[in-house]
Structure formats: structure tokens, C-alpha cells
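Here is a note for a colleague who is opening this model for the first time. Please keep the sequence and the 3D view side by side while reading the numbered points.

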Amino acid sequence: MAETLNAFDMAQQQFDSVAKMLNLDPGVIGALRWPMREFTFRIPVRMDNGSLQFFEGFRVQHNDARGPNKGGIRFHKDETIDTVRALAMWMTWKCAVADIPLGGGKGGIIVDPSTLSEREKEALCRGWVLQMWHNLGSRQDVPAPDVGTTPQMMGWMMDEYSRIVGQYSPGVFTGKPIGGGGSQGRTEATGYGVIYTVREAMKHLNLDSTKSIAALQGFGNVSQYAAIAFVEMLGGTVAGVSCWDRHDKKSYTYSRNGGIDPRFLLSIVDGYGTIDKKAAEEAGYIVEDGEAWISKEADVLIPAALEGQINRETIKKMSGRVKIVAEGANGPTTPEADEFFKANKIFSIPDFLCNAGGVTTSYFEQVQNDANYYWERDAVLRRLDIKMTSAFNAVLDRSEKEKVYMRDAAYMVAIDRVVKAMELRGWLNAGW
Ligand code: NAD
């Protein structure tokens, strides 16, 4: 029977292998292999049917040497402490590689949110804050939405925190709705961030972006804005996008001769990222099987849907033209596919660098909340471009200097920055 992959084992293994390359002190390795703080608690909720139910909640603060912990709260029926630990550790590396002054955290509740009424959801959100508020705050730990949680839920959580501490505290949660303390530009931030890194990779590889073709998997938040930016910012062509069809319960790839019009597809996609098949066909789009996206004659592939999509099987379908794989999704490439990229000189932009635009803009949201001064959309995106470009170039420099693959270089940059902050704060002499 196949062994189930424990996410935290995987996160520790990835860390161990880079720690070895960096020759880290065993004590430092010990400190970073485990989260600094973990909270588990039970949240009581009076259900609509009158019964009292308890839900298990978590928050893990992996490392806050570089600044307050940052990371989403997931509502998922299969949530485990190990998944939360792994995701918290990955957030430490993501914030460090993006060079934003935040640490890594993650939280969750074991619950299927679709089974709850609005009132029950609100009670659960407020209950989570009641358990955690002592250890939250814009100088301690700043959660955000994630799988199964929404901007509205962040609004309730922020309100509960503000109520308990007795003052309006918008900077304690990010991903809030616009008008409720949210930031302009957050919706497009991750997708645009992906394309800022693709633009830099093209400069490095001497590719003309106006002659380049991309294919994307997914047409949700990340992919929609990555496709728009690829066409409008880089002047390139998008050969096709795929998405999961909620009604037919299968995935399709949408393409059109001369390239798709991402703004048109945006006008016919629903809130779950399912494109209206009939409307697309009427507009002359070609509809193929969901896997067809990967075999498009493209220079750039952008997986922006699920994990494990570029693997031993799907790499066989890739066209010889592909030069860049930009990981919009988290974990879309398996280790076998990574080996294939190395052997075939395909340039890979690793997920925690490529999709860091979201957390970077969350950081901007917190900065605006704390200053009580809100920036225009253009200012947000301009600052995002500066952060993503310098993050990309730091990783590229490291990769060239050490002659290592971009993913290893990204880990090296991130881990070095965290260790440096621990050292500067005197944590490595800890005698207390
Ligand atoms: P989303 O739910 O908005 O969109 C997901 C898209 O993937 C939808 O279009 C869906 O139809 C499609 N999809 C699902 N299964 C598919 C399949 N089998 N084949 C083809 N398409 C399929 O999600 P999102 O926010 O765009 O996130 C996408 C990925 O990016 C996830 O891995 C997420 O963790 C990661 N990510 C998102 C953000 C963000 O700010 N949204 C930030 C960092 C990382």
C-alpha cells in the first residue's frame, strides 16, 4: 500500500537537505526543524439545532525571528497539526525569500465549512479568536484567509479581536474586504507577481516576451490575473487555459487560434473558476480535454491550480518549446519532474518565490492598516513589482553563484536570512 505523505515530514526533509548544503550548525537545525510555538484548543459552538459542538482548532508559529508570524487559517475536514506545522514552516521561507519582515505561521480548524450556517461560521471564527487573541496582533501574529476561509470571515475575526482588546485593530488580520480594511490590488497581486518573475526570467534567458506563448492550468484567482498580465504587461500570447468544470465534473482546456482573450474569459468564469463552456464555444473557443494545456506549443507553462500536476506522466506530453515553468500553484511539480527540468535545461521559478505576491500584498495591507493611510492600486502594484523583482534576482544570483537549481537557491536565500535574523537577535547564544 502506498505510504501517505506526511506534509511535515516532507517540509523537514526539504529543510534538512538545504541545511546540509549550507553547513548549518546542528543546534540551529534543531531550532528550525520544529515550530517555536503551537496551540491546540477546542472551540464550543451552539449549533442551529440547539446542540453544543466542539471543534478542534490550531495555530502554529514556526519562527518569528524576522517579524510577526504570518499565515492563513484553513477550515478543512482533514486538517491535522502536521499539515499546519508544514504550512507554517513554508510560510517562514516564503516571507524570507520575498524579504518581507514577517515570520511563518498557519492555523486551522477541523471542519467542513460547507456544512455550517452563516451564524455557525461566525461563531466558530469568533471562538477561534477568543482562544488565540493573547498571541495575535500586528506585532505578534497576523492570520489571513486560506482554504475554506473568506474575506468576510477575516472581517468577523478582526472585529472579535478589536472587541476583546477594546480598540479597532484592523492590522491583526489581512485579506479583509475592500472597505473593511482590505488593500487595493490584493485580488490581482498573486497573478501579477507570477508575471513579474516570468518577465525577469525572460530577461535572464534573453527571450522576447512579445513573441512568447504561455499555457496555464487553472482559471481561478492566480491564473486569471497571470493570463491578463502575460498579455497586457508582457505583450505575449496565451495559447490556452484549463479549468475544472463543476457541472460536468471534469476538466477542460480552452484555446483559440491566435490566442485566448483573458478578459473575455474573465467575463464568463464563475466565482469557483469554472468557465462557462457554452459561452466559450459560442465565441469560437476550442474545448479540449483538461490535460491538453500542458502539450500546447508554449515557451512558458504556468501551473496555477493544484499540487502534483507536473509529474512523471504529464511531462511526457510537454512540447520541446517549453523554456520556463512558473509555479503559480503551491507544489505543482513532483521531484521526478524537477529532475526532468534540470536535465532539459528548463528554467523553473519555484512556488514560494513565484506566488509570493499574495503574501507581499497582505504585508502591504497590514502596513496600511497600522498607518491608517491607504495607497492607490498603482502604488500597491508598483511596490509589489519592486519586491518580486528583487526577490527573483536574489535567488537567481545565488543559483548562479552556487551553481544550484532555482528551488535550492530559493531555500538557501530564505534559510540564510532567517538564521541571520536569529543571530542578530542573539538567539544563537540563548542562555536564558
Ligand atoms: P482558485 O480556487 O481561485 O482557482 C483554482 C482553479 O483551478 C479553478 O479555475 C479550478 O477550476 C482549477 N482547477 C481545479 N482542478 C483542476 C484540474 N484538475 N484541472 C484544471 N484546473 C483545475 O484558486 P487560486 O487562489 O487561484 O489558487 C491556485 C493555486 O495557487 C493553489 O495552489 C493555491 O494554494 C496557490 N496560491 C494562491 C494564492 C492566492 O493569493 N490566491 C497565493 C499563493 C498560492
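1. The model is predicted, so local features need pLDDT of at least 70 and side-chain atom pairs count only at pLDDT 80 or more, while totals for chains, interfaces and linings use all residues. Residues are numbered from 1 along each chain as its sequence is written, and side-chain values use heavy atoms, with hydrogens and water left out.

2. The elements that give two or more residues to the shell around the ligand are α6 (186-205), α7 (221-232) and β7 (237-245), and β7 gives the most, with 3 residues. Helices (H or I, at least four residues) and strands (E, at least two) are DSSP runs, numbered from the N terminus. Of the 22 residues around the ligand, those that come nearest are Thr 190, Phe 219, Val 222, Trp 244 and Gly 273, where a residue is near if one of its heavy atoms lies within 4 Å. The shell has 9 nonpolar, 11 polar and 2 charged residues; Ala, Val, Leu, Ile, Met, Phe, Trp, Tyr, Cys and Pro count as nonpolar, Asp, Glu, Lys and Arg as charged, and the others, Gly among them, as polar.

3. Strand β10 (residues 300-303) is covered on both faces, with Val 300 and Ile 302 buried on one side and Leu 301 and Pro 303 buried on the other; buried means under 20% relative accessible area, exposed over 50%, and partly exposed in between (1.4 Å probe, protein chains only). In a regular strand the side chains alternate between the two faces of the sheet. β10 pairs in the parallel sense with strand β6 (residues 213-217) over 4 bridges, and likewise in the parallel sense with strand β11 (residues 324-326) over 2 bridges, given that two strands pair if DSSP finds at least two bridges between them. Pro 303 is the bridge partner of Gln 217, and Leu 301 stands opposite Val 325 in β11.

4. Strands β1 (residues 37-46) and β2 (residues 52-63) pair in the antiparallel sense over 10 bridges, and Phe 41 has Gly 57 in β2 as its bridge partner. Their hairpin has 5 residues between the strands, and there Gly 50 takes a positive phi near 95°.

5. Helix α3 (residues 81-97) is mostly covered, with 13 of its 17 residues buried. Just after α3, Asp 99 takes a positive phi of about 55°.
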